[in-house]
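The sequence and structure are shown first.

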Protein chains: 2
Amino acid sequence: MSHSDFHDQARAAREAAHVLAGLTRSRKDQALHAMAAALLAAQDEVLDANAADLERAKAAGTAQSMLDRLALDPARLEAMARGLQDLAALADPIGETLRGFSTPDGLQISQVRVPLGVVGIIYEARPNVTADAAGICLKSGNAALLRGSSSALESNRTVVAALRNGLEEVGLDPNTVNLVEGGREVTGEMMTARGLVDVLIPRGGAGLIEAVVTGSTVPVIETGTGNCHLFVDVDADQDMALRIMLNAKTQRPSVCNALETVLVHRKVAETFVPRMVQALTAAGVTVHGDESVTCLEPGVVPAGPGEYDAEYLSLDLAARVVADVDEAVDHIRAHSSGHSETIITGNLVTADRFVSTVDAAAVLVNASSRFVDGGEFGFGAEIGISTQKLHARGPMALAEMTSTKYVVRGQGHVRA
Amino acid sequence: MSHSDFHDQARAAREAAHVLAGLTRSRKDQALHAMAAALLAAQDEVLDANAADLERAKAAGTAQSMLDRLALDPARLEAMARGLQDLAALADPIGETLRGFSTPDGLQISQVRVPLGVVGIIYEARPNVTADAAGICLKSGNAALLRGSSSALESNRTVVAALRNGLEEVGLDPNTVNLVEGGREVTGEMMTARGLVDVLIPRGGAGLIEAVVTGSTVPVIETGTGNCHLFVDVDADQDMALRIMLNAKTQRPSVCNALETVLVHRKVAETFVPRMVQALTAAGVTVHGDESVTCLEPGVVPAGPGEYDAEYLSLDLAARVVADVDEAVDHIRAHSSGHSETIITGNLVTADRFVSTVDAAAVLVNASSRFVDGGEFGFGAEIGISTQKLHARGPMALAEMTSTKYVVRGQGHVRA
């Protein structure tokens with residue numbers, strides 16, 4: 001795809017977004033149902049295309065875990081369709097009035113939610129993201145430029161074709177949902193298309209996110225890197241601490257809200273660290289630690305330099321003993337990616353101190369960080385978990401896919 | 001200032017921000033009053049330094065309008081101090097709970113306002129921005145890295161020294177407010193200091209804003225470019241249209257919410273355009289127009305290519321005749337910077353159509369765009385007017401200088 005091809009596509013998406021911004025909720029919900037039906041109707045084409053993608057990936061020696069992410073089957077396709085239908089059941093964020101007031105001279109001012117416009121999503125292998133992101137964009141009134149990975153190209157083409165068929169069936173512009181094709185240079189065009197693309201959201205690994213954040217002149221919402229900590233306070237219920245630790249580490253180790261580092265209060269370290277290592281080892285987790293831990297449990301793998309700074313995203317966990325809650329907070333400040341940080345304590349003062357001094361998208365008391373998720377929060381949809389401070393922080397759902405505008409009504413008001 | 005000097009300064013600001021985030025409103029208000037008092041106490045030093053800046057600027061042949069912006073006097077200094085005191089009277093945005101709910105399993109979730117952290121502000125000549133920005137940052141719990149222009153360096157040094165004295169007097173870290181000195185390369189360091197600087201806000205002309213937006217890897221809030229339009233509908237009260245047009249154009253032509261282009265409905269153009277040109281000319285405004293206007297008023301200056309795309313920021317105004325509200329909206333979509341767009345009409349349907357289809361930070365009905373301002377909206381403080389869609393759009397006050405965090409409280413909750 002040449003430079004002008006992408007720009008033409010983005011301009012067409014902009015036109016579609018202009019119309020979409022004015023649609024009622026009923027029209028958008030009708031479109032979501034039509035998209036779901038069209039996706040199910042295209043099952044044979046989608047699964048054939050996916051088989052071709054899988055064959056190509058296998059021939060290229062792709063790892064099994066990646067193949068699993070890439071693979072579609074009738075059940076996954078049905079889940080994609082159900083996801084679109086579920087979006088139809090959610091309230092429309094557009095038009096919500098966030099503030100409304102009158103000035104002393106009688107100007108009436110209201111701040112209302114409006115769509116962002118054209119949203120670009122750059123993501124990796126999973127083709128279910130294609131339907132998911134298209135649906136969330138549509139419900140929030142945004143046209144979507146979907147830049148999936150080349151490994152899922154055939155699958156994404158058939159999915160997007162089906163979604164566009166659904167849009168056309170209800171009389172909407174198919175350019176509301178677009179697959180961005182072409183080589184690496186097209187990603188560059190997308191990242192610098194200021195004025196055409198309103199926001200870029202990368203969904204994927206740390207490398208992808210870093211590349212988009214540093215290469216874009218279009219505003220970016222950073223998602224997903226989670227170097228999450230759990231602090232076991234001196235006043236913790238140790239059984240609860242173990243339960244939550246195991247859940248946060250092992251329930252799904254590859255995701256951003258999984259636990260990566262445990263910090264243990266010095267006064268309970270001698271009893272807790274051995275229990276912890278035993279429980280984690282029994283669950284298949286390898287514990288890594290500096291001398292504060294290895295001196296209590298010689299079986300622990302010595303932690304290398306920088307090991308407290310990165311996500312494992314695997315059945316590995318870093319551990320360290322700290323003097324108190326303040327040293328725990330200091331460790332988190334130095335190493336955290338600002339995603340989800342947890343304290344286990346029965347002490348209210350300590351809990352309050354942790355909550356107020358830890359700076360992260362989510363701070364948890366006596367609960368697993370795996371709950372930091374749009375679905376678990378009851379938002380019904382999630383486009384990602386923002387770890388930046390601007391615009392949206394934490395699970396991003398429909399409201400986070402909007403902007404606002406001020407409407408000012410006067411009766412001939414001029415400024416003195 | 002070498003690379004490491006700026007990074008040291010930013011790190012010190014980060015430490016200050018960590019403490020600042022936990023301060024009560026009383027402590028912050030006490031600091032604002034101390035900063036105001038210290039600024040007044042330093043009047044002689046500040047005015048001497050300002051005189052030196054002015055002399056240097058005059059010697060360099062700086063334009064009178066720039067000298068006016070640079071100049072301080074006792075009255076302006078007092079206004080700066082009063083600005084800080086006024087901030088103390090405003091509510092603290094930090095700690096406000098935006099959402100609070102429980103999940104079906106009893107997790108208690110709340111979303112609370114927290115500071116952004118370290119805010120970098122890059123701005124042009126006016127030294128009053130230094131106190132203003134420092135105060136807004138402090139009240140919203142953010143440490144400030146202030147990058148003023150070299151032309152105001154001596155003034156800014158004395159202002160920042162006074163503000164830091166005020167902070168120290170009440171026992172706070174002076175690194176809460178910092179002047180960033182050094183050559184152009186330091187601006188580059190500031191723009192790429194991801195992880196040290198949480199957000200950059202450029203305040204100034206279009207060139208400065210463009211440079212910061214395209215050169216930064218730190219998230220930026222774009223402020224200030226306003227290519228604002230006013231549409232005179234067929235159902236407009238023409239006297240009201242003239243009054244509002246004159247106010248929006250001439251009350252302060254150099255600012256971003258001043259009017260730049262008038263669009264006139266074709267059906268009233270023949271009577272309205274001559275009246276408009278006469279009134280504007282009498283007010284010292286030069287009207288520029290394409291053939292749709294020059295054919296009605298030969299005295300109008302023919303508009304050159306691109307003239308509908310830029311701000312004049314002077315007593316010049318572009319004009320064009322359009323077929324109807326839809327053509328007016330199309331013109332605005334093609335040429336607007338998304339700041340403030342106005343319709344003058346007595347027709348409710350037309351007003352609604354304009355309000356719903358124009359995509360801008362503010363859309364006005366029968367009122368001057370000069371009202372789009374934090375002060376006029378009653379926000380009490382303003383750091384700029386955002387023309388981007390992410391995070392904040394329109395006048396940015398204290399709430400817009402914050403982020404949020406989710407606090408999740410459980411009783412041992414783990415995810416199934």
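## Helix packing in chain A

In this predicted model, the axes of helix 6 (residues 128-139) and helix 7 (residues 153-169) of chain A come within 9 Å and cross at roughly 30 degrees. Axes are lines fitted to C-alpha atoms, for helices over the stretch in contact, with angles running from 0 to 180 degrees between N-to-C directions; helices (H or I, at least four residues) and strands (E, at least two) are DSSP runs numbered from the N terminus. Helix 6 of chain A is therefore roughly parallel to helix 7 of chain A, a term applied to angles under 35 degrees. The crossing of these helices is right-handed, that is, the near helix is turned clockwise from the far one by less than a right angle.

From helix 6 of chain A, T130(A), A131(A) and A134(A) meet N156(A), V159(A), V160(A) and L163(A) of helix 7 of chain A; contact requires C-beta atoms, placed from the backbone, within 7 Å. The residues of this contact comprise five nonpolar, two polar and no charged. Ala, Val, Leu, Ile, Met, Phe, Trp, Tyr, Cys and Pro count as nonpolar, Asp, Glu, Lys and Arg as charged, and the others, Gly among them, as polar.

## Interface between chains A and B

In chain B, 56 residues are in contact with 56 residues of chain A. Strand 16 of chain B gives the largest share of the side that touches chain A, 11 residues. That side of chain B has 25 nonpolar, 21 polar and 10 charged residues.

Strand 16 (residues 402-413) of chain A pairs with strand 13 of chain B in the parallel sense over five bridges; pairing requires at least two bridges found by DSSP. H413(A) has A367(B), in strand 13 of chain B, as its bridge partner.

## Conventions

Residues are numbered from 1 along each chain as its sequence is written, and chains are lettered from A and ligands numbered from 1 in the order in which they are written. For this predicted model, local features need pLDDT of at least 70, side-chain atom pairs count only at pLDDT 80 or more, and totals for chains, interfaces and linings use all residues.

Technical notes. Parallel < 35°, antiparallel > 145°, perpendicular 65-115°, else oblique. Contact = placed C-beta atoms within 7 Å.
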